[in-house]
Structure formats: structure tokens, C-alpha cells
Amino acid sequence: MTSNELLVSRVGRLGRIILNRPKALNSLTLGMVRSFSAALDEFGADPEILAVLVSGEGERGLCAGGDIRTLYDLRDKNKDYYKIFWREEYQLNARIASFPKFFIVIMDGLVMGGGVGISAHGNRRLVTERTRIAMPETGIGFIPDVGGTWLLTRNGGAGVYMALSGAAVTATDAIHVGLADMAIRSQDAAELERRLSTIVEAKDVDAILRTFEEETDEGIFERNKTLLDTAMAHSRVEEIIGALYSANTEFAVAAAIQISQKSPTSLKVTRALLSRAAAADRLETCLTNEFRAACSLLHSHDLYEGIRAAVIDKDRNPKWSPATLAEVDERSVAEILRGDGDQEPVFRAWAELA
């Protein structure tokens, strides 16, 4: 199973998936999502395959997310493509999270948005000294999706901060917030793959991984844990920003400024989704909530303005509407959370689809 955008193969008892759009930072297309899903189906059903290893081609990153330039190009056209894309992408995220075999992913370099969705839901997540992980959606007028609200509400305030600010974090902080499990050196990735291709029994996998594990230092999240847990516990974004300013440390003030620059509407919707995710008992519930909001935002001003400022004109100066948190109508937030009226998919875990 090989295509130009996604390379799928098997080496011994190891299934291999390589994202192969290095010039586009391995950004996901609908075809890649479908090929990825088909590969998982095959590997999951094959008793000879014990583990799957996922990585990205090139040295810049595993995956920078979805192709938002295409989304911008469709701004005045039929939006069904992205509804289909998200429906199938989110189902893939749910299947990765419940995959019954070892799902090993090397999160080397940049991992953003949809890249988090095809990696951080895995059960063996490896980061390197080059890793930079982010959910930057509030900076383009969107929301952390691909199960991001579930992932970022499992380990205290640091995840909520990542969701609101879009901050990129290193390997140490990714492990702290629960997006990764262990660190390896990027230069060891090829040898790790070679060793994994020799596995004979399932117990071999973790034994091999442990031989490549590197120690990590204390990160910025651990140093600011009390601050983040306290500030991010507030239910309103205005209160979160106020708490950060009141802390009056260099990190806290920078965090407050960072959050304040994002789309006010996206911040309000994201905070509401995070609250729902914190109370949810399964990933699939969060994916449904995210799908509703995502489809609503296809009709918003801020999504296309955010993409324009970040990717099209690259002036980094989006003109949000409404321009401030105070101007965001809570009724409009509720409408976004309800969705746009389209028939909603039901996202299912691996066992429920068997």
C-alpha cells in the first residue's frame, strides 16, 4: 500500500506508516486520512503485525496539521469538503486512541493541530530534542480539534493554557502535559526502526523502546504548575487573563499577552469546549462537540481572517470581529457549540467498529 502522500509498508512484524509531504510539512489531505485509516484496518486485522510505527518524511516535522490554505480557498464555495474531511479525520483519531496493538509514533520536529491528532492519541508516543508541539487554532479563529480538548484537559492547567494560547512546547513539557510518553534522540530514530523491525513477540516492543529512552530536564510547565493550575481553573477567559497578570511573573505576563492576541470568539468557544471535555468520560464525546463547533466556524469571519493573516498575506495582524472578549455575545458562543444543523457523525472506538 503505497501512494505519493502516504507510504505504507511492513517490515517483519512491524507495520510502517510514513507521512510523505515534506515540502508541505506533511500536512494532511483527505486522501492521506483515508489511506491512513485503510492501513490501520489492515494492520489491526493481521495477526502477524504486532506494532505500527508512524513518522514523517523530512527533518522539519511529523505533521503541521490540515491543509488550511485549501480551507481558505473554499471560503466562498461549498464547505462540504471540510465537513467530510473532519468527519473522517476525527474517526481516525478515535481509532488511533483505541488501536488494539502498539501504536508507536516519532513526534520529531513540528507537530501541530491534525499532527497531534494522528500522534498524541497513540499508546507509545516518542518526542525528541527537536520536537515542538502546538495546538495553535485560536490564532486562526478556530478551536483545538482532533480530540485536542480531551487531550488537553487530562493533566491540569498546562493543557488549558496550550489550548487557549496556541503555545508550542518542547519534549519535556509535552510529556508533562500528557501529549507524549518518552524522549529519544532524533539521531537514533533510524536505529530504533531497525530494532523494531526485528520484534518477534509483543513484549519485545517496550524492551526495545526502553533502550533508547533519554532523561528530560524540568520544563517550564513543571516550574509553573501551581500558577497554571490556579489561573486556568477559572471558567471565563477574562478571569484567566486577569489571574495571569496578577501573578506578575515574566512567564505569567507573557502568557496573558499571548492569550489576549487570539480570536476572542475562538477563546470563548474553546474555553466552553474545554469545560465540557473536562467533564466527559470518553474521547468520542469530545470529538462530537468539536465537530459541531468546527462546522459552525466554517461560516465565521475569524476563521478566514486568521488564515489570511497567518498563511496568505502573512502580516500576522488579524482583524478579529468581535475585536474584544467583552464584545463576544454568549448567545453566539452557544450557537457555535450547537453546530450548523448538519447530520452529525457518531465517532466510535476500535472495538465498536469491529
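Trainee: How many bridges pair strand S4 with strand S6 (residues 110-112)?

Mentor: S4 and S6 pair in the parallel sense over 2 bridges. Two strands pair if DSSP finds at least two bridges between them, so these strands qualify. Gly 61 stands opposite Leu 110 in S6. This is a predicted model: local features need pLDDT of at least 70, side-chain atom pairs count only at pLDDT 80 or more, and totals for chains, interfaces and linings use all residues. Numbering starts from 1 along each chain as its sequence is written, and side-chain values use heavy atoms, with hydrogens and water left out.

Trainee: What joins strand S5 (residues 102-107) to strand S7 (residues 124-127)?

Mentor: 4 bridges, with the strands running parallel. Met 107 stands opposite Val 127 in S7. S7 also pairs with strand S9 (residues 182-183), in the parallel sense over 2 bridges. There, Leu 126 has Met 182 as its bridge partner.

Trainee: Why is the protein chain called as compact as a globular protein of its length?

Mentor: The chain has 18 helices and 9 strands, each a DSSP run numbered from the N terminus (helices H or I, at least four residues; strands E, at least two). Its radius of gyration is 20 Å, and the globule rule gives 20 Å for 354 residues, so the two are close. The rule is 2.2 Å times the number of residues to the power 0.38, with the radius taken over C-alpha atoms. The C-alpha trace spans about 60 × 45 × 40 Å along its principal axes. Buried residues make up 54% of the 354.

Trainee: Why is the pair Tyr 81 and Phe 85 called stacked?

Mentor: The structure holds 13 aromatic pairs. For Tyr 81 and Phe 85, the ring centres are 6.4 Å apart and the planes meet at 20°, so the pair is stacked. Rings of Phe, Tyr and Trp (its six-membered ring) pair with centres within 6.5 Å; planes under 30 degrees apart are stacked, over 60 edge-to-face, the rest tilted. Both residues lie in helix H3 (residues 80-97), 4 residues apart, about one turn of the helix. They also belong to one aromatic cluster with Tyr 82, Trp 86 and Phe 142.

Trainee: Is Phe 85 buried or exposed?

Mentor: Buried, at 2% relative accessibility. The limits are under 20% relative accessible area for buried, over 50% for exposed, and partly exposed in between (1.4 Å probe, protein chains only). Tyr 81, at 32%, is therefore partly exposed.

Trainee: What makes Tyr 90 and Phe 347 a tilted pair?

Mentor: Their centres are 5.9 Å apart, with 50° between the planes. Tyr 90 lies in helix H3, and Phe 347 in the loop between helix H17 (330-338) and helix H18 (350-353), so the pair ties together parts that are 257 residues apart in sequence.
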